[in-house]
Amino acid sequence: MELKCYDQPQFIEELVFRIAPGQVERYIELETEIFSEPLSHVSGFLGGETWVSLDNEGEVTSLYFWESEAAYHGVDQVWLGGQKEKMGQLMGDDAVFVRAGHAENRRFRVREYR
């Protein structure tokens, strides 16, 4: 394992969704196709992680890492709105937005040990 410290704290975008039973894998695949992969070409995007809860069935948390809060805010909002609409059309009522954790509690990654 290695300790990695960041000179510039990385902004963390946290999105939580409630996914219908049996649809979590589909949601994760679509999230990669519609958000994570396209974002990998956006300046300042550093990657993401997807977490699923064993205690709250269907709860999925997506964490996106940005080089700065400014980079996060710099995402083309028209493009983002289109991606959200596409995801909504494909998932329908099987995916419900719960919260944006970063809107109520901004967090920054300053180090990691992996």
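Biologist: Let's start with I12: is I12 buried or exposed, and how do you know?

Modeller: I12 has a relative accessible area of 17%. Buried means under 20%, exposed over 50%, and partly exposed in between (1.4 Å probe, protein chains only). So I12 is buried. One caution: this is a predicted model, where local features need pLDDT of at least 70, side-chain atom pairs count only at pLDDT 80 or more, and totals for chains, interfaces and linings use all residues. Residues are numbered from 1 along each chain as its sequence is written, and side-chain values use heavy atoms, leaving out hydrogens and water.

Biologist: What is the mean pLDDT of the protein chain?

Modeller: The mean is 97, and 100% of the residues reach 70 or more; pLDDT is the predictor's confidence in each residue, from 0 to 100.

Biologist: Back to I12: where does I12 lie, and what is I12 in contact with?

Modeller: I12 lies in strand β1 (strands are DSSP runs of E, at least two residues; helices are runs of H or I, at least four; both are numbered from the N terminus). Leaving aside neighbours within four places in sequence, the contacts of I12 include L63, Y64, F65 and H102, contact being heavy atoms within 4.5 Å.

Biologist: Why does M1 count as exposed?

Modeller: M1 has 76% relative accessibility, so M1 counts as exposed. M1 lies in the segment before β1.

Biologist: What makes R18 and E59 a salt bridge?

Modeller: The N to O distance between their side chains is 3.8 Å. A salt bridge needs a side-chain nitrogen of Lys or Arg within 4 Å of a carboxyl oxygen of Asp or Glu, so the label follows. R18 is in strand β1 and E59 in strand β3, so the pair ties together parts 41 residues apart in sequence. R18 is partly exposed, at 35%, while E59 is buried, at 17%.

Biologist: How many salt bridges does the structure hold?

Modeller: Six. One of them joins E69 and R106, with the closest N and O atoms 2.8 Å apart. E69 sits in helix α2 and R106 in the loop between α4 and β5, 37 residues apart.

Biologist: Which residues have the most contacts inside the largest nonpolar core?

Modeller: Y27, F35, Y64, W66 and M87, in a core of 20 residues. A nonpolar core is a set of buried Ala, Val, Leu, Ile, Met, Phe, Trp, Tyr and Cys residues joined through side-chain atoms within 4.5 Å. Helix α1 gives the most to this core, with five residues.
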